[in-house]
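Colleague: I am new to this structure, and I would like to learn how to read a few of its features with you. Could you show it to me before we start?

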Amino acid sequence: QVQLVESGGGSVTTGGSLTLSCTFSTSTTTTSLYSMAWFRQAPGMQREGVASICIKTGRAFYGDSVKDRFTIARDMAKHTLILQLNGVKPEDTAMYYCAADESPFCPYRLLREDELRIWGQGTQVTASS
């Protein structure tokens, strides 16, 4: 059973940067994960996809609101998924969730939340001026 643990959230000044990490633990030495993604949910809002990535190839997809500001990457040696936030805006304030799936398919677009079955508990990001 794969478990996901997010970290790195906190307060950040508007225009600043923050790095979120998602460590995935597995009972095997090689990961069975194919797709991973970051989602976020602001208070009173629906959860939205931020970025998705194919674990095998590194091909990534981004939501329109974060394109050219956020970067998703994976470090297989450390079993870690990264989300680099640059140029943070107040509307980026949300709980950020890491998600993954073991279905043997790589994403070809930004994934929906119903397409990933493994979820972390989330890490809060608060942007303020």
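Predicted model: local features only at pLDDT ≥ 70, side-chain atom pairs only at ≥ 80, totals over all residues.

Colleague: Which residues of strand S11 lie on its covered face, and which on its uncovered one?

Modeller: The general idea is that side chains in a regular strand alternate between the two faces of the sheet. Strands here are DSSP runs of E with at least two residues, numbered from the N terminus, while helices are runs of H or I with at least four. In strand S11, residues 123-128, the covered face holds Thr123, Val125 and Ala127, whereas Gln124, Thr126 and Ser128 make up the uncovered face.

Colleague: How many bridges join strand S2 to S11, and how many join strand S9 to S11?

Modeller: Two strands pair if DSSP finds at least two bridges between them. S2, residues 10-13, runs parallel to S11 and is joined to it by 4 bridges, with Ser11 having Thr126 as its bridge partner. S9, residues 94-101, runs antiparallel to S11 with 3 bridges, and there Tyr96 has Thr123 as its partner.

Colleague: Where is Gly9, and what does it touch?

Modeller: Contact means heavy atoms within 4.5 Å. Gly9 sits in the loop between strand S1 (3-7) and S2, and, leaving aside residues up to four places away in sequence, it touches Leu18, Leu20, Thr123, Gln124 and Val125. Between the C-alpha atoms of Gly9 and Ser21 there are 8.6 Å in space, although the two are 12 residues apart in sequence.

Colleague: Why does Gly9 count as partly exposed?

Modeller: The classes rest on relative accessible area, computed with a 1.4 Å probe on protein chains only: buried means under 20%, exposed over 50%, and partly exposed in between. Gly9 counts as partly exposed because its relative accessibility is 34%.

Colleague: Is Arg69 buried or exposed, and what does its side chain reach?

Modeller: Arg69 is buried, because its relative accessible area is 12%, and it lies in the loop between strand S6 (60-62) and strand S7 (70-75). Its side chain reaches the backbone oxygen of Gly87 at 2.9 Å. Among the residues that Arg69 touches, not counting those up to four places away in sequence, are Gln84, Leu85, Val88 and Asp92.

Colleague: What is the phi of Asp68, and what is that of His79?

Modeller: Asp68, a residue other than glycine, has a positive phi near 75°, and His79, also other than glycine, has a positive one near 50°.

Colleague: Which residues line the largest pocket?

Modeller: On a 1 Å grid over the protein atoms alone, a pocket is an open set of points where a 1.4 Å probe fits, with protein on both sides within 12 Å along at least five of seven lines, and lining residues have an atom within 4 Å of a point. The lining of the largest pocket consists of Ser35, Asp101, Ser103, Phe105, Cys106, Pro107, Tyr108, Arg109, Leu111, Glu115 and Leu116. One of these, Asp101, lies in strand S9 and is buried, with a relative accessible area of 3%.

Terms used:
Residues numbered from 1 in each chain as written. Heavy atoms only, no water. Polar contact = N/O pair within 3.5 Å; in protein donor to acceptor, adjacent residues only side chain to side chain.
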